[in-house]
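Thank you all for coming. I would like to walk through one model this morning, starting with its charged side chains and ending with its backbone.

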Amino acid sequence: MISSMSEKNMQPSKLLFYLIFTSMFFLILSSVILLQSSSNSFMPRSVFRLIVVNTTSSEYFRRNVNSYSKDTFDQSSLPSSIDTRITEFESSSSHGIGVLGQGNAKVCKCNQSLLKVYMYDLPPEFHFGLLGWKGEGNQIWPDVSTLDQIPRYPGGLNLQHSIEYWLALDLLASITPNVARPCSAVRVQNSSLADVIFVPFFSSLSYNRQSKLHGKKEKVSVNRQLQDKLVEFLMSRPEWKKEGGKNHLIVAHHPNSMLGVRRKLGSAMFVLADFGRYPAEVANLDKDIIAPYKHIVGMIGVINSAPFEKRPILAYFQGAIYRKDAGVIRQELYYLLKDEKDVHFAFGTVRGNGVHKASEGMASSKFCLNIAGDTPSSNRLFDAIVSHCVPVIISDEIELPFEDVLDYSGFCIFVQTSDAVKTGYLVNLLRGIKRKKWTKMWNRLKEVAPHFEYQYPSVSGDAVEMIWEAASRKMHSARLRLHKTNRYKRYQLMGMVKK
């Protein structure tokens, strides 16, 4: 009797359990189908794949080829070879032009972005016109929705200072449908809505290509003429007058770019390689951004990166040895290290097969020397980082990109100049770093290397996004200073009126 009653009581609970289980099964099944649907999915397939894959790993993951356009382009026209491996960070080539999304990317909305950016519609002579691009009619900007329409930046050492090119492309992409990119910055058409105002002058390229005088009749270089035109334009703009240019972002990455007008534009936020040729009142860490050079050697894939025992060279340096200013240390170190059996210290250039040799040398070395030259910084540091060769920084005045969010001591070694020139100091220091400690820094290099990658389209965590995030942090500090100066201004003005 009691047994039959308990069985009857259990039947409703079993039925309830089966109903709940069946409902949960169909709910999960319908969610998966919804996520994987192609044209009307609320979540792009690429995002779905990133959810399915363990994205916390430091390894790179190959994306599904169906997420990208099938269009191809002539790789032989690029200044350096394309790395066809498509990774989570999409470091697809040493030039940086990658692949575009296919129909599933939407234009970022203002409220989704970290930074709202107004970009002046300067004539092409200030930007893509310097690359030989000519628009149709009154067209100011190239079409960035297709790769074959994007003007290529010149290769070689020109490429190392190409920062404004990548930032301009990213802003154009932010309002272009079907280009998959982070929503870190979005271009706005109304300057009153902007957090920062971007000045699209390719100043480094202008210096490299147009700073020399041509013929006896030319008294002022084209580069200087463009600088003067730019100053005249900015000074006439209400956007500049409103805050005295403090909310303007100007890229002058080459140490000699914008040389003639730096003081006139010194209130703006500069994006620089270092402060080596700037007085402190014109450029400083309080208002300006240090951006990484575009590396010249190709990025090594995580899987192909040689470990400690497969890097026979202890320390590597190849480049100009006889330099001026603080760079005289290169000559001193050369005579100290040139006869060390496991040290490569030699003169080298990008000519011939120079870049390939440097790439092979860094990839075979445990440590790469980054020594001060004519200026405190060089692209050699970033070549070392993407080669996963632990950088040894010997440059007392160097400033490093994104150091407020990156701890370089975890993947670099810093040596003061006064110590480096002591006989035996440097080699003994490096030989004293054993496999365990080196491997820890090597692993960290593999994690941070994507932060120094310029590419189009930009991806989360790359150099383009890191610069926009740095600009956002600088603007917050600038607003704080502005608001503090305004504390009593209103009441002071009221007092003046009463008098």
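Which side chains meet in a salt bridge at 3.0 Å, N to O? Those of R237 and E239 do, where a salt bridge is a side-chain nitrogen of Lys or Arg within 4 Å of a carboxyl oxygen of Asp or Glu.

Before I go further, a word on the basis: this is a predicted model, in which local features need pLDDT of at least 70 and side-chain atom pairs count only at pLDDT 80 or more, while totals for chains, interfaces and linings use all residues. Residues are numbered from 1 along each chain as its sequence is written, and side-chain values use heavy atoms, with hydrogens and water left out.

Back to that pair, then. E239 is buried, with a relative accessible area of 10%, whereas R237 is partly exposed at 23%; buried here means under 20% relative accessible area, exposed means over 50%, and partly exposed is in between, with a 1.4 Å probe and protein chains only.

The structure holds 15 salt bridges, and I will pick out some others. D228 pairs with R224, and the closest N and O atoms of this salt bridge are 3.0 Å apart. Why are the two separated by about one helical turn? Because D228 and R224 are 4 residues apart in helix α5, which covers residues 222–235; helices are DSSP runs of H or I with at least four residues, strands are runs of E with at least two, and both are numbered from the N terminus. D228 is partly exposed, with a relative accessible area of 33%, and R224 is also partly exposed, at 31%.

K422 and D419 form another salt bridge through their side chains, again at 3.0 Å from N to O. Here K422 is partly exposed, with a relative accessible area of 44%, while D419 counts as buried at 17% relative accessibility. As a general point, side chains of opposite charge can pair when their charged atoms come close.

Let me turn to D404, which lies in the loop between β10 (390–394) and β11 (413–414). Is D404 buried or exposed? D404 is exposed, its relative accessible area being 56%. Its side chain makes a polar contact with the side chain of R473 at 2.7 Å, a polar contact being a pair of N or O atoms within 3.5 Å, of which, within protein, one must be able to donate a hydrogen and the other to accept it, and residues adjacent in sequence count only if both atoms are side-chain atoms. In sequence D404 and R473 are 69 residues apart, and in space they are 9.8 Å apart, C-alpha to C-alpha.

Y456 and P457 are joined by a cis peptide bond with omega of about -5°, and P457 sits in the loop between α12 (435–448) and α13 (463–485).

Two residues other than glycine have a positive phi. N178, in the loop between α3 (163–173) and β2 (185–187), has a phi of about 70° and counts as partly exposed at 35% relative accessibility. H388, in the loop between α9 (380–386) and β10, has a phi near 55° and counts as buried, at 0% relative accessibility.
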